[in-house]
Each structure stands twice: as structure tokens, then as C-alpha cells.
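Please look over the sequence and the model below before reading on. The points that follow are meant as a colleague's note for someone new to reading structures.

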2 protein chains.
Amino acid sequence: MNKLETALIACADRVTDSLRECLTAEDPTCEPLFEAMRYSALSAGKRIRPYLTVEFCRLFGGREEAAMPFACAVEMIHNYSLIHDDLPCMDNDDFRRGKPTNHKVYGETTALLAGDTLLTQAFATCASNAYVSPASVQHAVAYLAKAAGGVGMAGGQMIDTAADGKLNTREALEHMYRLKTGALIAAASVLGVYAATDAPTAEMLKDTETFSYNVGLAFQFMDDVLDVTADAEEFGRPTGSDDKNQKTTILSFLTMEDTLARVRSLTEEAVAIISKYPDSENLISLANYLVTRRK
Amino acid sequence: MNKLETALIACADRVTDSLRECLTAEDPTCEPLFEAMRYSALSAGKRIRPYLTVEFCRLFGGREEAAMPFACAVEMIHNYSLIHDDLPCMDNDDFRRGKPTNHKVYGETTALLAGDTLLTQAFATCASNAYVSPASVQHAVAYLAKAAGGVGMAGGQMIDTAADGKLNTREALEHMYRLKTGALIAAASVLGVYAATDAPTAEMLKDTETFSYNVGLAFQFMDDVLDVTADAEEFGRPTGSDDKNQKTTILSFLTMEDTLARVRSLTEEAVAIISKYPDSENLISLANYLVTRRK
């Protein structure tokens, strides 16, 4: 295992511990709902988003304990979106990360409420951050809510489902990707900045956003590539599904060669931007890792 | 129409105008989702919760413009909960406020996303309050998220649905009512306090909570009473449904006479607590109005 993978796993473990604390009911009569929330939120995931929060906080001189509540909030929102996306009225998926989906275990009603409540608790967790100023909390809540909301992740999901996965232009596809996955990845990073300071410069924010949207888009393009080229077992889920579902992907508009070139240029631009900051090796490793992965 | 009803309607109109502004997509590609959100959030409701926010803000010397973003946030959360409660996997209702429910008009997928997004935008709206300090925003977000979350409204909903509306003791029923409806009513009032000041005394908060939980519980008991006694047409929805569904209500544990006595004593206690503050006539009128209503 290389240095980055070791760091990712160690960070994921601390995030899981922290999430477990956030997701314990202080009122025992509410425990069944929290059990369903924990089932999804504590199950193994790469925890890329919280890693971004922690690393951007560190990049700008903040401590991990200040980043952790924001990191957990972003991860809760990621997990709420997965629970709701898996519901019968959305993608109707039976498995996620090799386990039965939330509604398969707890039923649709509880899964709906578990998703709702993870989203709600994310903001409670943001607001409970005792290591940052009230101004940082206000910025973090505003940014996260916008990124997860109607002109962010949920808006992207709406565009994708309304179009039934079929988008007419490359611009429309990239716009949907920016909203559906890019916005929350950017929020993960920007909340790390706010964990470090409540008065970031415009340049810090712009660099953080550009890095994150580039990495997010490259990641998404690689997903499209791997759906065609990867070995299903290694990839961890069935491949060829985009083609089978006649889903628009970047490969509907670009050749494989051009797509891989675009992935490289997005990543190179991200690395160039972040390289001007000292202590950016971990973020550079992450950007490179995400586009060389095989799953 | 009496003075309170006139004030309620005028406040409801200002809240609706404000909600319309909050629920306009800055990105036109996301407009279909915002349309579904507006369909529910802008449809006529009593707007009791935002009225509490505005009146508690005024009670403690704040201005309505400082209360309005918090009032809208609470109302968005109330409306998200109605959209999700009406879904087929929850109560499966076709009508709400005399109109087809959200999923009947837009389909389940959009209704799910519209509810999710109203909940998310509520926190964006809280954090956008430019008339209060960052400390007030932090308190408001923390209180609202807890009240709407797993040990608040969503927790109460979970208890209610898990028990299929059947609770064994009066204590269990009252606990469920406190979570399911009381917590958000208390949040509406407490956010009004935070709109007026970022450093309320413990007494101010305690009085505000006691008033709100009392009024909320009395309101809920009156709902149980009206389900038995009201004229369906005047009540605005079918009556006798609790009995038909074998749902536990306060009348499962108390006689009609004792229930009405309890409603009176809860209201009297609420009025007594709030009367010590000058300028509390509107809140006193509201407390009395909610338990003398016929619908």
C-alpha cells in the first residue's frame, strides 16, 4: 500500500469514529432511526470527501479537529444522497458497497426518514463545530446548503433523472456532472478552508474550487471510462451498464483517447494550481490517484 | 375577521412573498425542481410557525426583516415534511390543502427531490440572514437542525410510523407529539428569539420553549378532539379517520371532558408565562385562537 492509501484509510477510520459519535441518539426512543442511519453512514466507503476537508484545512494552517465536524457533515450528505438515490422511485438498487441497500434492510419508510435525517443532522454537526468561529460556521452552512441544494447536487440529480440519463450536448452533460457530483466535492474542500480560517482570500477560495471541480470532473470521466474498460470484479460493480441503459456519458461525445487526454489535462491543471501552496503533496497524490484508479 | 386573523393573513402574505424569492432558481436548468418546491411551499397554509418566529422576534425587540429568513426556513422544513409524509411509502395521500399532493402532480421522483431540496434550502436561507450576527445564525441552525432531526420531528415521525399509530401509554403518545410537532413549533419561536438577540437569557429561552410546547400539545389534542367532533366540511378534511384507522389519540387515554380541561390548562399556563413580557397580546391571542378553532 502506498503512502496515500495508508493516509486515506487512517483518515477514513477517524471519520467513521466521529460519525458514530454524531449518530448516536440522545433519546433512546429514537434509536431505531439512528440505527438505520448508521447502517449506511458507517459502512465502508473511500471517504474521499472528508479527506479533502481535512487536507484543505491542513493546507491553510488549520487543525484536523476543526475540520472533522465539517468533514462528517459532508459525508452525511453524501450518504443521504446514496440512500435516496437507491430508493425504488429513483434508481431502485438492491445493493450498495456489496451490502443490501438501506430500504432493502429497513423498508422504504425508514430509509426515506434515515436519508432525511442524515441531511438534517449534517447541519446540526456543522453548527456544533466548537473549534471555529461563528463566522466560519455561517460560511460553511451557506456553502454546503447551496452545494447540496437545488442549484447543486439535488439540482444535478433532477436534471439527470428528468432527462432519463440522456443529455444532448457535451456542455449539458458536463454541467450536470458539475452539479451532481462536482458541487459536493467542492464543498468538502471549501469547508476545509473555512475550518482553517473564517476570512479566506478570494484567491484561496478560487484555487480550492478549481482544484476540486477539475478533480471531480476527471473522476466522473474516469467512471465513464471504467464502465467500458474495467473488469467488473475489480471495479466492484457491473460494467457496461451505461451502454446497456443507453446513458449519455463523456464517451458519447469524445473518443476514448480524447477523454483520457481531457482527464490528464484536468488533473494537470488541478495539480499546477495547488502546487503553489507548501504542504500540498497529499492533495497532489490524491488528484493523481483518483484518475489512475482501476475501481 | 378579528384582529388576530387579519394579522395572521398579512404575515402569511409577507412570508409567501419571501418564500417565492428564496425559491427561484438562479440556474434556469434547475427551474423544474424549484417549480415543484414552490407548488407546495407557496400553497395556502395558516403559516402559524412563521408567525411565531416574527412575533417572538418582536417580543424581544427585534425587527421583522431579521426574523423573516428564519421564518421562511422553518416553513420550508414544515413543507418538506408534508411532501415526504404524503409519499406512497408514508401516508400515501392524494390531496393536501384541497390540492393534489406534490407526487400526484410531479411524480414520486421529483416529489422526493423537492422535499429534500426544501430541507436543504432551509439551511441556506438561515445562513443568508444578513440582519443578525454570525452567532445568531449558528444558534439558529443548531436549534433548527436538532428540532427537525432524529430526536425531533423526524424522530417523532419514525416513532409514529414504527408503531403504526398505536402507542401504549399516554406518556408515549405525548412524547411522540412533542417530537413530531412540538419540536418544530418550538424552533419557530426560538429562532424568533435568536433573530432578536444572539445572547438570550436562559429564562427567555425557557419561557419561549414552555409556551411553544404547551401551545403545540394543546393544538395536537384539539386536532384529536376535532377529528371526533368537527363537521368534515368545516374542518377541511375527513373526520373520524383516527377511529377508522384505530389510531391512538389522547382520547384513547382521557375522556373528552378531561382532554378539554387539559387543553385549557396547557393554554392558560402558556398565556401566564408569556404575559409577563410587554407586547405579548398577539401571542396570547394566538394561543387562545389555536384551541378555539373549528378547523
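**Notes on a two-chain model**

1. V141(A), leaving out residues up to four places away in sequence, touches F123(A), C126(A) and A127(A) of its own chain letter, and F123(B), A127(B) and V141(B) as well; two residues are in contact here if their C-beta atoms, placed from the backbone, lie within 7 Å. This is a predicted model, in which local features need pLDDT of at least 70 and side-chain atom pairs count only at pLDDT 80 or more, while totals for chains, interfaces and linings use all residues. Residues are numbered from 1 along each chain as its sequence is written, and chains are lettered from A and ligands numbered from 1 in the order in which they are written.

2. Which residues touch the most other members of the largest nonpolar core? Among its 190 residues they are V141(A), L144(A), V141(B) and L144(B), where a nonpolar core is a set of buried Ala, Val, Leu, Ile, Met, Phe, Trp, Tyr and Cys residues joined through C-beta atoms within 7 Å, and buried means that 20 or more other C-beta atoms lie within 10 Å of a residue's own.

3. Between the chains, 45 residues of chain B are in contact with 45 residues of chain A. On the side of chain B that touches chain A, α6(B) supplies the largest share, with 12 residues. That side divides into 26 nonpolar, 14 polar and five charged residues; Ala, Val, Leu, Ile, Met, Phe, Trp, Tyr, Cys and Pro count as nonpolar, Asp, Glu, Lys and Arg as charged, and the others, Gly among them, as polar.

4. Chain B is superposed on chain A by a rotation of 180° with 0.0 Å of shift along its axis, at an RMSD of 0.0 Å, by least squares on the C-alpha atoms of residues with pLDDT of at least 70 in both. That is the relation of a two-fold axis. The same surface serves both copies, since 100% of the contact residues of chain B recur in chain A.

5. Helix α7 of chain A, residues 134–148, packs with α6(B) at an angle of about 145°, their axes being 8 Å apart; helices are DSSP runs (H or I, at least four residues), numbered from the N terminus, and axes are lines fitted to C-alpha atoms over the stretch in contact, with angles running from 0 to 180 degrees between N-to-C directions. Among the residues making this contact are V141(A) of α7(A) and F123(B) and A127(B) of α6(B).

Notes:
Buried ≥ 20, exposed ≤ 12 C-beta atoms within 10 Å, placed from the backbone. Helix = DSSP H or I, 4+ residues; strand = E, 2+ residues; numbered from the N terminus.
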